[in-house]
Structures are given as C-alpha cells and as structure tokens.
Amino acid sequence: MASTILLDIGFMAMLVVVAFAIVRLRSLFAIVMLQGVYSLVSAAWFVSLDAVDVAFTEAAVGAGVSTVLMLAAMLLADRESRPVPLGRQIGPLLIVVFAGLAMFYAVGDMPAYGDAHSPANSYVGHDYLDRTAEEIHIPNVVTAVLASYRGYDTFGEAVVVFAAGLGVLLLLGLNGNAGRWRAKPNGVRVSKQAAPAARKRPLPADAPQPMSAPAATIMTTRAKKPAAKKKKGGSS
Amino acid sequence: MEYFMSYANLGVALFLLISMAMMLGRLLLGPTLYDRLLAVNSFGTKTVLFLCVFCLVIDRPDGVDIALLYALMNFIATIAVLKFFRYRALDVSLLESHITDRDGAAE
C-alpha cells in the first residue's frame, strides 16, 4: 500500500536519529539501550517492508540477546567512553563516506523489484519454487531451502554459532567472576567490588540499600548529586 | 466502512509512531538512567502495539507473532538491565539474593 510510505519515512528518520545519538553519546549504558531501540525500530521497519522473517530474527538477536551480551561486556569495561580526538575521526569518516558512495553507485545495477529475469529468479530459484510443494510438502519455500535442501549447511552454521556462543560466554564470565577479572579500568567510576555470586559470603551491612555508592554515581550521567538523593528517597 | 477502517488503522499507526518519537526524545534527553530504562521499556510496548495495528493495515496476520516475540524480548532485556544495576552480574539467582538481602546475616 502506498500510504504506508509515511510510516517507512518515519522509521527511517528514527533510525538516523538513534544512530547519531549512539555515535555522539558518551555513557556506554545509554548506548546499549539505544542499540536495543535501534534494533526494535529496524525490526518494525522490516515488518513494514513486508520482510517478516528478517524482522523476526532482528527482534530475537538484536533486541534480546545482543542487549544482554553488551551489558555483560560492560561489566568488564568502563561505564563511559572518552571522546576521540578530531584528528583520528577523519580516517573512519572518509572510509564510511567512500563505502556509502560505492553502495549508491551499486544500486543502479540492481535488478528491479520482482524482476522475473534477475539472477536470483532465473537459475535454481525456479526449481525450488516448482518442486518444493511436491518434494517437501510445506508452503514456505525459504524454510524448505534452509531446513531441507541445505540442511547440512544449516547444521554446520548452527555448530559454528554454538562454538562462538561458548567462546563469548567464557570471555564474559557471566557467573559473576567478571568483576574480578576486569581488565585494567582506565576510569574512576568502576566499582572494585566483585559480584555477590562470586563473593560466596553474606553481603556487607549496607546491602539492603537499593544500590551501592559507586552504582549511584553511575546512575546520574551528569553527576547531579541532589537529583540522585531525591530519586533514592522517593523509591524507598 | 472497510475503507474507513483501513484509514483509521493507518491513523492509529501514525499516532503510535509519533509517541515512539516522543519516547525517543526522553531516551536521548533523560537525565538519569532510570528515565532511559523506562523510555526503552515503553518504546518496546509501543512497538508491540504498532506491529499489531500494522498487521491490520496491511492485512497480514503474520506480524502478530513478531509482536508476541517482542513482548517477551522486551521483558527479558528489562530484567537483564535491572539485574545488572542491582548485582553487577547476570548470573544471580533472584530468589536467593532476595533472601540474603532481607537479613544480611543469613547462612
């Protein structure tokens, strides 16, 4: 429907805003949140573009898993990033501009939407479309290709993803050891305390408080002390 | 009547989009991280609603599955963030930590 183009434009504008905010913000926690929002918006946009299966993957991986993984990685690092000097931003900017221009140049060679003579539709695509119904007996051709025609390929991919997940879990140390193994922090706002799971003994006397003092300083990105006090009083 | 309904659905979708943009503003400006957390959570809810409405607009009920998945994912992400704030680790049993919090000299 042509009228949904308004929604597409709205989503793309939101994506641009979120992307610029991710680049400009210094608080890593806010950046993790914004990455979750970016993935939510892009998945909604994929639905609006009628790519429901891509949106499904984006929602599961981008919004769910990667947010948690980014948070776990933040346990090992600083809570705020330091600003990059202007001289070191020129090179990446040039690379990005060049890659973007190259993509725009490549758009002209792409086949039209739904072109019956495009490479994707001319060779094995026809066979899949013709024979899936009688060979596999399921209506979705994409699922038939992934899970049946290329079943071994998909199985190998699953093994690779599993190995990668194991490596990530070992690196992050999700069992609470992250606080002890932290690589040398270069900031002052990192708490030296290990996580309760790693301590193996009762919490100290200030445990019933909503959060420890370093955590409270992390809460307020602009380091507004009175605001933090008010928040604490209101919540208890 | 059907014609009117499709435009009504589209209008609702646009309004949801606008409210998502407002949430985005709170997310960017929010002075404390609690504001940002609430904004993200509310943004996810708005996305779920938007997907449901949009499935009515384009007359394809597949998207409701994604809306369900979003609702679950939103919840998981919020729980993970809150656990991160409270315990600085993600592998903490909520039940046990609750007990030790009540009386610090447990065990």
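User: Is A:His137 buried or exposed?

Analyst: A:His137 is exposed, because its relative accessibility is 62%. Exposed means over 50% relative accessible area, buried under 20%, and partly exposed in between (1.4 Å probe, protein chains only). Keep in mind that this is a predicted model: local features need pLDDT of at least 70, side-chain atom pairs count only at pLDDT 80 or more, and totals for chains, interfaces and linings use all residues. Residues are numbered from 1 along each chain as its sequence is written, chains are lettered from A and ligands numbered from 1 in the order in which they are written, and side-chain values use heavy atoms, with hydrogens and water left out.

User: Where is A:His137 found?

Analyst: A:His137 is in the loop between α6 (124-135) and α7 (141-149) of chain A. Helices are DSSP runs (H or I, at least four residues), numbered from the N terminus. A:His137 also has a positive phi of about 65°, although it is not a glycine.

User: New topic. How many disulfides are there over all chains?

Analyst: Zero, over all chains. A disulfide is a pair of cysteine sulfur atoms within 2.5 Å. For B:Cys52, the nearest cysteine sulfur is that of B:Cys55, 6.5 Å away.

User: Is B:Cys55 buried or exposed?

Analyst: B:Cys55 counts as buried, at 5% relative accessibility. B:Cys52 is partly exposed, at 31%.

User: How many aromatic pairs does the structure hold?

Analyst: Four, over all chains. Rings of Phe, Tyr and Trp (its six-membered ring) pair if their centres lie within 6.5 Å; planes under 30 degrees apart count as stacked, over 60 as edge-to-face and the rest as tilted. One of the pairs is A:Trp45 with A:Phe46.

User: Why is that pair, A:Trp45 and A:Phe46, stacked?

Analyst: Their planes are at 25°, so the pair is stacked, with centres 6.1 Å apart. A:Trp45 and A:Phe46 are buried. A:Tyr128 and A:Tyr149 make a tilted pair, because their planes are at 50°, with centres 4.9 Å apart. A:Tyr128 lies in α6 and A:Tyr149 in α7 of chain A, so this pair ties together parts that are 21 residues apart in sequence.

User: Which residues touch the most other members in the largest nonpolar core?

Analyst: A:Phe11, A:Phe29 and B:Phe50, out of 57 residues. A nonpolar core is a set of buried Ala, Val, Leu, Ile, Met, Phe, Trp, Tyr and Cys residues joined through side-chain atoms within 4.5 Å. The largest share, 14 residues, comes from α2(A).

User: Which residues form an aromatic cluster with A:Phe11?

Analyst: B:Phe50 and B:Phe54 form one with A:Phe11.

Terms used. Helices (H or I, at least four residues) and strands (E, at least two) are DSSP runs, numbered from the N terminus.
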